[in-house]
Amino acid sequence: MDRRTFLSALSGSLLAAPLVAEAQPAPKVARLGVLLFSTPAAEPNLAALLAGLRDLGYVEGRNIVLEYRGAEGRPERVSGLAHQIVALKPDLIVVLGGDLVPFVKGATSTIPVVMLTSQDPVEAGVVASFARPGGNLTGVAFVSSETAGKRLQFLKEAMPSLTRVAVLWNPDHPDGEYRDTEAAARRLGIHLQSLEVRRPEEFDGAFEAATRGRAEALMVVSSRFMNLNRSRVHEFVGKQRVPLVIAKPADLPVEQPTKFELIINVKTAKALGLTIPQSVLQRADHVIE
């Protein structure tokens, strides 16, 4: 996550919170509602959020109270948890995950909301535009669909004989990454095998389908759900010895990252029997030996 960008939106919303929320004396202790798809222990961006709050002078237990609500990876719980947080009437709500944002938007139009999302918030209908989001939402968007075709292109260059790629994705996570991957696959002459997974119990069936389809590589469309189950994905590609391509999440207008890095793990490539061409290695920002 780009911590400085996210925190600039967060700090701006904290300062504006008493103006946007219901008319009442400004509290001495700020109260933040934090909505998570998983749990505080499993959320990869929570540590950065807490560190950034400390940088802004907000220390939990001293001048800020954090009210966590985590869905434990169960989508059916999100709506209820969003309404629980709104009922607490916090000064600000932080939403870590684009899947959760529409539920918070539906639960309140007055409490300021700062979001971190990997889907296009305009396409998802949660803000009017990046420059002028309107309403009570702002934050950071990492729109990985813009790099989906490029990841497939680099994979094809690294494996010139590549013809079959399985794509693991959650259709309930509305973004354009799978769509853009399909467009790139048509240009590159690659057959895509769609592996749709909406619940944890569906992973085994998806992996079996990839094996039957003789997938030569696996791409993962990024989402909180996929991140929560990343160990199962790593276990599968390790057993099947196939390359894994996955988007790395980004380390008040809604803002987007402007710099993307190509990282190649040569050690893993060698273990899979792959030789990465120099033409690809020379364009990498980081090479892991």
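Strand β1, residues 30-36, pairs with β2 in the parallel sense, over seven bridges. One of the residues involved is Ala 30, whose bridge partner in β2 is Ile 64. Please keep in mind that this is a predicted model.

Where does this pair sit? Five strands form an open sheet, in the order β2-β1-β3-β4-β5, and the pairing is parallel. At the edges are β2, residues 64-70, and β5, residues 137-141, each of which pairs on one side only. From one strand to the next, the twist averages 20 degrees.

Which residues of α3 are buried? They are Val 78, Leu 81, Ala 82, Ile 85 and Val 86. These residues cover an arc of only 140 degrees around the axis, so they lie on the same side of α3. What do the buried residues of α3 pack against? The answer is β1, β2, β3 and α4, where α4 is residues 101-107. After α3 comes Lys 89, and its phi is positive, near 55 degrees.

Now the nonpolar cores. In general, nonpolar side chains in soluble globular proteins tend to be buried together. Here, the largest nonpolar core has 38 residues. Which of its residues touch the most other members? They are Ile 93, Val 95, Leu 168, Leu 195, Phe 203 and Leu 218.

Take Leu 218 as an example. Leaving out residues up to four places away in sequence, Leu 218 touches Ala 166, Leu 168, Leu 195, Val 233, Phe 236, Val 237, Pro 243, Leu 244 and Val 245. If you have the structure open, pick Leu 218 and find these residues around it. There is also a second, separate core of 16 residues, and among them are Leu 152, Leu 162, Ile 190 and Val 221.

Last, the whole protein. How many helices and strands does the secondary structure come to? Eleven helices and eleven strands. The protein has 289 residues, and 49% of them count as buried. Its accessible surface comes to about 14,100 Å², with 52% of that belonging to carbon and sulfur atoms.

How values were computed:
Residues numbered from 1 in each chain as written. Predicted model: local features only at pLDDT ≥ 70, side-chain atom pairs only at ≥ 80, totals over all residues. Heavy atoms only, no water. Helix = DSSP H or I, 4+ residues; strand = E, 2+ residues; numbered from the N terminus. Buried < 20%, exposed > 50% of the residue type's maximum accessible area, 1.4 Å probe, protein only. Areas by Shrake-Rupley, 256 points an atom, 1.4 Å probe, with all protein chains shown as cover. Pairing = 2+ DSSP bridges. Axes fitted to C-alpha atoms, helices over the stretch in contact; angles between N-to-C directions. Arc of directions from axis to C-beta. Contact = heavy atoms within 4.5 Å. Core = buried A, V, L, I, M, F, W, Y, C linked by side-chain atoms within 4.5 Å.
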